[in-house]
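Q: I have not looked at this one before. Can you walk me through it?

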Amino acid sequence: MEVGKSSRCVKISLPDDSVVDILTPVIEEMEKWVQDDLHKPESGGYIVGYQHKGTYNISLDAVSHPYIMDERNRIRFNIKDPRHKIFLAKARRSQSYYMGAWHTHPQDVPVPSNIDWDDWNASLQMDTTGCQYIFFIIVGIMEWRIWVGNFTDGSIKECFECQKDLDGIYLGRKMEDEK
Ligand SMILES: [Zn+2]
């Protein structure tokens, strides 16, 4: 997914064929923190969202961003500031729940580090979210990527945007079936 070109919700298809909608406020907030300058440190935060009861589709609707007490340098971001927890508590009051975490990388196209894999596997062991998945987003300079941890089988896999037609409109399940 290209950074700076997503003015609206991005749809990602999940292993069970449901869809996760990444809503515009999430994308807009993450884009503010792209490491497009040699001096910019890593950034990140939590992701919150909710699951739709009928369709099992998931919406990710907000993210927290770096605060003063977080540990940050060029290649590392550690959530330390209590405001991230306050963000989660506030979101919960409007039925939006912890769904994972995001951070930036100073790479054009982000590739998870060994530390990322260790962190993600630890989160998959210890965390619970508002659904059967946990989401990890890395925002690079040119592109961002999403990996999805599955609590059911313990896997973490990269997931990709749903198919679009030539006008950039997402193809519905029905239209895909007709091909
Ligand atoms: Zn990383």
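Q: Which residues does isoleucine 47 touch, leaving out those up to four places away in sequence?
A: In this predicted model, isoleucine 47 touches Val26, Leu60, Val63, Met99, Gly100, Ala101, Trp102, Phe135 and Ile137.

Q: OK, and which residues touch the most other members in the largest nonpolar core?
A: That core has 29 residues, and Met30, Ile47, Leu60, Phe135 and Ile137 touch the most other members.

Q: Which elements give two or more residues to this core?
A: The helices are H1 (24-31) and H2 (83-93). The strands are S2, S3 (44-51), S4, S7 (97-104), S8 (133-139) and S9 (144-150).

Q: And which gives the most?
A: S8, with seven residues.

Q: Back to S2. Which residues are on its covered face?
A: Val20 and Ile22 are on the covered face of S2, which spans residues 19-22, while Val19 and Asp21 are on the uncovered one.

Q: How does S2 pair with S4, parallel or antiparallel?
A: S2 and S4 (residues 58-63) run in the parallel sense, paired over three bridges. Isoleucine 22 stands opposite leucine 60 of S4 there. Leucine 60 is also one of the residues that touch the most other core members.

Q: What about S1 and S2, parallel or antiparallel?
A: Antiparallel, with four bridges between S1 (residues 10-13) and S2. Serine 13 has valine 19 in S2 as its bridge partner. Five residues lie between the strands in this hairpin, where aspartate 17 takes a positive phi near 75°.

Q: What stands opposite serine 13 in S10?
A: Phenylalanine 160. S1 and S10 (residues 156-161) pair in the antiparallel sense over two bridges.

Q: How many bridges are there between S9 and S10?
A: Four, again in the antiparallel sense. Tryptophan 147 stands opposite glutamate 158 in S10. The hairpin of S9 and S10 has five residues between the strands, and glycine 154 takes a positive phi near 75° in it.

Q: New topic: where is serine 94?
A: Serine 94 sits in the loop between H2 and S7.

Q: Buried or exposed, and why?
A: Serine 94 is exposed, because 10 other C-beta atoms lie within 10 Å and the cut-off for exposed is 12 or fewer.

Q: How far apart are serine 94 and glycine 49 in space?
A: They are 9.9 Å apart, C-alpha to C-alpha, and 45 residues apart in sequence.

Note on methods. Residues numbered from 1 in each chain as written. Predicted model: local features only at pLDDT ≥ 70, side-chain atom pairs only at ≥ 80, totals over all residues. Buried ≥ 20, exposed ≤ 12 C-beta atoms within 10 Å, placed from the backbone. Pairing = 2+ DSSP bridges. Core = buried A, V, L, I, M, F, W, Y, C linked by C-beta atoms within 7 Å. Contact = placed C-beta atoms within 7 Å.
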